[in-house]
Amino acid sequence: MEITLTHYLLVGAITFCIGVYGVLVKRNAITLFMCVELMLNSVNLTFIAFSKYRVDLDGHVFAFFIMAVAAAEAAVGLALILHIFRHYRSLDVDRASELRL
Amino acid sequence: MVIWETIFFWLFSLGAVVASALVIWLRTPLYSAIALILDFFFFAGLYVLLSAHFMAIIQVLVYGGAIMVLFMFIIMLLNLREETSSIEFRVHHGLAALVSLSIFAFMATGIMALSDQAGIKEVRANMGDATQIATPSRIPGLYADLNEEGLQSKFDAKIQSFADGSATPADGKYRPFPGAKFDIPPMMKGGEVNGRPVESADFGTVEPMSLLLVNRFVVPFELTALLLLGAIIGAVIIAKKRL
């Protein structure tokens, strides 16, 4: 059985939807963040799969930039989480429902 | 050779799906983080199968190394044992499952439509003049494609007009650096098998990637450095005790 582009796209879609479910269900800010990372990763997989089957490296470059943005987002987001935890003594995102501290 | 690709594809993809489900399933944030690291390794394996060697190594180094160490560090710093509170109402879980399943149904319909040869033929028969842009694809499992030759010839004509002076790059978005060649790395295509192009041996290794990053994508590449600098400064300022 030959593995085609469709297989890789379906794996990407399944993991993306698991990430969406986690973002909707989880109330812990850190776990929610991990689900966002999961979604970014499955998009990367889609980019790289298209890149191989088109014999074109542009998808790799896109995935590279997505990884750089994810690293920056993780750094700033975790600093925000630290601040929220200091203020509310909890990581529940429902408690941090106001913009002002 | 093909049998090994199949075996490893199923191993890595099932592992990736199970590990992603574990990230959601486990209630302790530390265990979720460990499941996510496992997930990133399975994704790196899939990247190797897609002959994206450079991206596989970057995946392990940046995601499995740097980002997840940051996550673990924060989890241990805050001493999180159990999830603080989860939504107790079943209706929320049901709604979330409904939303994510409908997104999956939407995407799977699109993906399966790409591999439905008869359906594509029917659409193309009803398209008329627009058939020009949708030509048979050379990718297995994918039957419709944009007319790459037409798009490429337009792009080549634009580059040629820059070269002979009939148009200046300043009319467009970017002015090329003097003497810089916006060349596509020549080592990407390694011939054809059964009428479709296959990648060369060093496709996805460091050399073609670096050539692309310092030629065509040099502006976003430098902007990435600026973004990371801004992220460092922002993280330090936000995490300080007193703003």
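1. How many helices and strands does chain B have? In this predicted model, chain B contains 8 helices and 4 strands. Read from the N terminus, the order of its elements is α-α-α-α-α-β-β-α-β-β-α-α.

2. Chain A has a mean pLDDT of 88, with 98% of its residues at 70 or more. Within chain A, confidence is highest in H1(A), at 93, and lowest in helix H3 (residues 58–88), at a mean of 90. For chain B the mean pLDDT is 78, and 67% of the residues reach 70 or more. For the complex, the predictor reports an ipTM of 0.93 together with a pTM of 0.81.

3. The UniProt record, an unreviewed entry, lists "transmembrane region" at residues 6–24, 31–50 and 62–85 of chain A. In the model, residues 6–24 of chain A are 100% helix and 0% strand, with 27 Å between the end C-alpha atoms. Residues 62–85 of chain A are likewise 100% helix and 0% strand, and there the end C-alpha atoms lie 34 Å apart.

4. For chain B, the unreviewed UniProt entry gives the feature "transmembrane region" at residues 6–26, 33–50, 56–80, 92–114 and 217–239. Two of these ranges may be set against the model. Residues 33–50 of chain B are 94% helix and 0% strand, and their end C-alpha atoms are 26 Å apart. Residues 56–80 of chain B are 92% helix and 0% strand, with a separation of 31 Å between the end C-alpha atoms.

5. Helix H1 (residues 2–25) of chain B has 24 residues, which at 1.5 Å a residue should span 34 Å; the end C-alpha atoms are 34 Å apart, so the two values agree. H2(B), with 21 residues, should span 30 Å, and the distance between its end C-alpha atoms, 30 Å, agrees. Just after H2(B), Ser51(B) adopts a positive phi of about 50 degrees.

6. Which residues of H1(B) are buried? They are Thr6(B), Phe9(B), Phe12(B), Ser13(B), Gly15(B), Ala16(B), Ala19(B), Ser20(B), Val23(B) and Ile24(B). An α-helix has 3.6 residues a turn, so residues three or four places apart point the same way. The cover over the buried residues of H1(B) comes from both chains: it includes helix H1 (5–25) and helix H2 (29–54) of chain A, as well as helix H2 (29–49) of chain B.

7. The contact between the chains involves 72 residues from chain A and 88 residues from chain B. About 7,500 Å² is buried between chain A and chain B, and carbon and sulfur atoms contribute 78% of this area. Met34(A), Val55(A) and Leu57(A) supply 9% of the area that chain A buries against chain B, more than any other three residues.

8. Some overall values for chain B complete the description. Of its 243 residues, 33% count as buried. Its accessible surface is about 15,400 Å², and 69% of that belongs to carbon and sulfur atoms. Among contacts in chain B with a separation of 6 or more, 48% join residues 24 or more positions apart.

9. Is Asp156(B) buried, partly exposed or exposed? This residue is found in helix H6 (residues 148–163) of chain B. Asp156(B) counts as partly exposed because its relative accessibility is 40%. Its C-alpha atom is separated by 37 Å from that of Glu5(B), a residue 151 positions away along the chain.

Terms used: Residues are numbered from 1 along each chain as its sequence is written. Chains are lettered from A and ligands numbered from 1 in the order in which they are written. This is a predicted model: local features need pLDDT of at least 70, side-chain atom pairs count only at pLDDT 80 or more; totals for chains, interfaces and linings use all residues. Side-chain values use heavy atoms; hydrogens and water are left out. pLDDT is the predictor's confidence in each residue, from 0 to 100. UniProt positions are given in the numbering used here, feature names are shortened, and annotations may be inferred rather than shown by experiment. Helices (H or I, at least four residues) and strands (E, at least two) are DSSP runs, numbered from the N terminus. Buried means under 20% relative accessible area, exposed over 50%, partly exposed in between (1.4 Å probe, protein chains only). Contact means heavy atoms within 4.5 Å. Accessible areas come from the Shrake-Rupley method with a 1.4 Å probe; for residues, only the protein chains shown count as cover. The expected span of a helix is 1.5 Å times one less than its number of residues. Buried area is the accessible area (1.4 Å probe) that two parts lose on being put together, summed over both.
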